[in-house]
Amino acid sequence: MFAAALAGILVTMGLALVRAGRGPTVFDRILALNMFGTKTVLLISVIGFLTGRPDFLDLALVYALMNFIGVIAVLKFSWYGHFGDSEEGSRAGSTEIVR
Amino acid sequence: MTTPLVSFEIELVTIMILTLLAATAIAVVRMRGLLEAVMLMGIYSFLGASWMLLLDAPDVAFTEAAVGAGVSTVLVLATLALTTTRAKARERTPVIPLLVVIITGGALAYGTIDMPPFGAADSPANTYPDPSYVERAEHDIHVPNVVTAVLGSYRGYDTLGETVVIFTAGIGVLVLLRGSRARPPASTDEEEGA
Amino acid sequence: MIGQLADLIGMVFVLSGALFAIVGAIGLLRLPDFYSRIHGAGITDTLGAGLVLTGLMLYAGPSLAAVKLVMILLFLWITGPTATHALAKAALASGLTPRLAEDSPGPEGEEVTG
Amino acid sequence: MTGLTILRVMAKTVIPFILLFALYVQFHGDYGPGGGFQAGVIFAAGLVLYSLVHGLTPVRRVAPERLIEILVAVGVLIFAGTGVVTMLLGGAFLEYGAFTPDHPEHGQHWGLLVIEFGVGVTVASVMITIFSTFASRGRG
């Protein structure tokens, strides 16, 4: 039964991957990336129970955390074009983002 | 649930994950925008880490998840901030590189024919580093995680070397980026000390 | 008996969570523009993840694993909507306008590519 | 990220848990998956998240560049110093059993905790250094 759930989660990941590949805007891709990350968390949790090793839940927590940081980093980069301090900075500009 | 059933399910999941990995890799190669490619690399890291977990290597999966999906995304993006976010279009079709890749890949695939079956008990991976380490670790070092015991104690020199490598990487980045920074007229030290 | 019942309910939760994840993913793929696709992602990130993790909690029973699952769930429920909100706000500020009913429908919103 | 109040508040809420989790991975690595390397990366990721949302300046106030640069070396010194101490105690280099000659396995456990801490310090400070060096250059 866990295998059916795993298959469902993997199908979800595949669909999210298609959206990440097709875009069309950067935000669609970031949305798909975020969804892919949360689905990986679920995948790891279910695999942990399928193989009877609940230690894997520590890993799921790391995935959730790193997914959040990755999404925020990509968002900030697509917004400002750099990670420096100046808030106005060289904002990537709306025309470039919605390409 | 019997063991063979679970291993069959895991094999199926592994195949699906590897398919997704291949699809992600192709998408990364075809992507012109580097920001999009970095995002797909994050996805690739997540998938790779899940696969390592299925191969029963939670410590490696842990590292891949922490470094590959999180910190390296941030660092690669920070690099893109200093360079450009668009890949240059190729001027001609890369025939020679394609040939080199095909020949190398073919040779490597040919080499795998001689390898013992995956997980075979008499394969060098399972016999050469004395398997008794796994049994001895429990007794020698009161540490349940054998990976930590082997890395820290039996192979302590190696781990010290790896730490020095990371140290060197940090120093290298400092020397390259901080050292070449164009000094503004006023000393930068005041701003950093604030 | 109670344990078996909890396992059964847990299984139902996990499977329905996976089902909601697929539904949300189809939404992410098929809905016409970015702002409507957020709905699809929202379903998988909150309802799908919530059901799967709650089902696993029921399966695990009262143990350290259940506590970790609660932590994961809390973390996902805090970070997911936060990231999505920041994303939507950034998209709106960047000049990406939501497609409204009076706009002419395009093929899956792909016409913005360029 | 000034306009995104919710993001700023939530990131502030989440960061203490990230740092706590890093310490858990650091000192629990002998029982579960994880260890100094992973813990260092997670700790650095917590600070990176803070600097993404609030800017580099507040992070520099907590972790001044001088301090981080010193810590890069201190981690390696802790690791190698453990080896020197075991030599002074009469063992070989990095033979942690020398800490407690009566129960070498306890000494091994102590030694592992100390060297993992050294690895964690070096990795965390190197990651923070690399990030802040890149980020402060990309200002223009």
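## Interface of chains A and C

About 4100 Å² is buried between chain A and chain C, and carbon and sulfur atoms give 80% of this area. The model is a predicted one. Chain A brings 44 residues to the contact and chain C brings 50 residues.

## Polar interactions across the interface

Three salt bridges are counted between chain A and chain C. A salt bridge links A:Lys39 with C:Asp45, where the closest N and O atoms are 3.5 Å apart. Seven residue pairs are found in polar contact across the interface of chain A and chain C, both residues of each pair being at pLDDT 80 or more.

On the side of chain A that touches chain C, at least two residues each are supplied by α1 (2–22), α2 (26–50), α3 (56–80) and α4 (94–97) of chain A. The most is given by α2(A), with 14 residues.

## Nonpolar surface patch of chains C and D

A nonpolar surface patch of about 790 Å² is formed by C:Leu64, C:Val67 and C:Met71 together with D:Phe17, D:Leu20, D:Leu23, D:Phe27 and D:Phe117. Two helices, α3 (64–93) of chain C and α1 (5–28) of chain D, each supply at least two residues of the nonpolar patch. The largest share, four residues, comes from α1(D).

Among the patch residues is C:Leu64, which lies in helix α3 of chain C. C:Leu64 counts as exposed because its relative accessibility is 58%, and exposed means over 50% relative accessible area.

How values were computed:
Residues are numbered from 1 along each chain as its sequence is written. Chains are lettered from A and ligands numbered from 1 in the order in which they are written. This is a predicted model: local features need pLDDT of at least 70, side-chain atom pairs count only at pLDDT 80 or more; totals for chains, interfaces and linings use all residues. Side-chain values use heavy atoms; hydrogens and water are left out. Patches are made of residues with over 30% relative accessible area and no salt bridge: like charges are joined within 9 Å, nonpolar side chains (Val, Leu, Ile, Met, Phe, Trp, Tyr) within 5 Å. Accessible areas come from the Shrake-Rupley method with a 1.4 Å probe; for residues, only the protein chains shown count as cover. A salt bridge is a side-chain nitrogen of Lys or Arg within 4 Å of a carboxyl oxygen of Asp or Glu. Buried means under 20% relative accessible area, exposed over 50%, partly exposed in between (1.4 Å probe, protein chains only). Contact means heavy atoms within 4.5 Å. Buried area is the accessible area (1.4 Å probe) that two parts lose on being put together, summed over both. A polar contact is a pair of N or O atoms within 3.5 Å; within protein, one must be able to donate a hydrogen and the other to accept it, and residues adjacent in sequence count only if both atoms are side-chain atoms.
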